[in-house]
Amino acid sequence: DGAVNWYNTINSMVYGTTFGGMTVDLTPFINLGNDPAGLIALVNKTFYNGWMTSQMQTEITAALNAITGTTATSQKARAQAALYLALSSAQYRVAR
């Protein structure tokens, strides 16, 4: 199924490796991991060209705020969550 393949691809890109063992550099997103608003703004600009709905931004913010801590691990976890939620959404599939 195309949708399942899409979700698996996004999961691999965000949480692991893909494309023959290559990894995706998430550094710009991880650097904003302790700034949920800034992180969502970067995801919105990078992947939605500024068109992410406010409802989606609110939902992603809630998910990011549920990840506690300010360590490098929590920064990465927030970046991964923001990217996965944004890129696996129906809104992104339509927008791209």
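**Loops, helices and a nonpolar core**

Me: Where is Asn34 found?

Reply: Asn34 sits in the loop between α2 (27–30) and α3. Helices are DSSP runs numbered from the N terminus (H or I, at least four residues). The model is predicted, so local features need pLDDT of at least 70 and side-chain atom pairs 80 or more, while totals for chains, interfaces and linings use all residues. Residues are numbered from 1 along each chain as its sequence is written, and side-chain values use heavy atoms, without hydrogens or water.

Me: Why is Asn34 called partly exposed?

Reply: Its relative accessibility is 37%. Buried means under 20% and exposed over 50%, with partly exposed in between (1.4 Å probe, protein chains only). So Asn34 counts as partly exposed.

Me: What is Asn34 in contact with, leaving aside neighbours within four places in sequence?

Reply: Asn34 is in contact with Gly69, Thr70, Ser74, Gln75 and Arg78. Contact means heavy atoms within 4.5 Å.

Me: What makes Asn49 exposed?

Reply: The value for Asn49 is 62% relative accessible area, so this residue is exposed. Asn49 has its place in the loop between α3 and α4.

Me: What is the phi of Asn49?

Reply: Phi is near 55°. That is a positive value in a residue other than glycine.

Me: Why is α3 called oblique to α4?

Reply: The two helices pack at an angle of about 135°, with their axes 10 Å apart. Angles run from 0 to 180 degrees between N-to-C directions, and axes are lines fitted to C-alpha atoms over the stretch in contact. Under 35 degrees is roughly parallel, over 145 roughly antiparallel, 65 to 115 roughly perpendicular, and the rest oblique. So α3 is oblique to α4.

Me: Which residues make that contact?

Reply: From α3 come Pro36, Leu39, Ile40, Asn44 and Tyr48. From α4 come Met56, Gln57, Ile60, Thr61, Leu64 and Asn65. Asn44, the buried residue discussed above, is thus named on the α3 side.

Me: What makes α4 and α5 roughly antiparallel?

Reply: Their axes cross at roughly 150° and come within 10 Å. The pair is therefore roughly antiparallel. Met56, Ile60, Ala63 and Leu64 of α4 meet Arg78, Ala81, Ala82, Leu85 and Ala86 of α5.

Me: Which residues touch the most other members of the largest nonpolar core?

Reply: Leu39, Val43, Met52, Ile60, Leu64 and Leu83 do, in a core of 20 residues. Such a core joins buried Ala, Val, Leu, Ile, Met, Phe, Trp, Tyr and Cys residues through side-chain atoms within 4.5 Å. Two or more of its residues come from each of α1 (2–15), α3, α4 (54–65) and α5 (72–87). The largest share, six residues, is from α5.

Me: What is Met52 in contact with, leaving aside neighbours within four places in sequence?

Reply: Met52 is in contact with Ile40, Val43, Asn44, Gln57, Ile60, Ala86 and Gln91. Val43 and Ile60, two of these partners, are also listed with Met52 for touching the most other core members.
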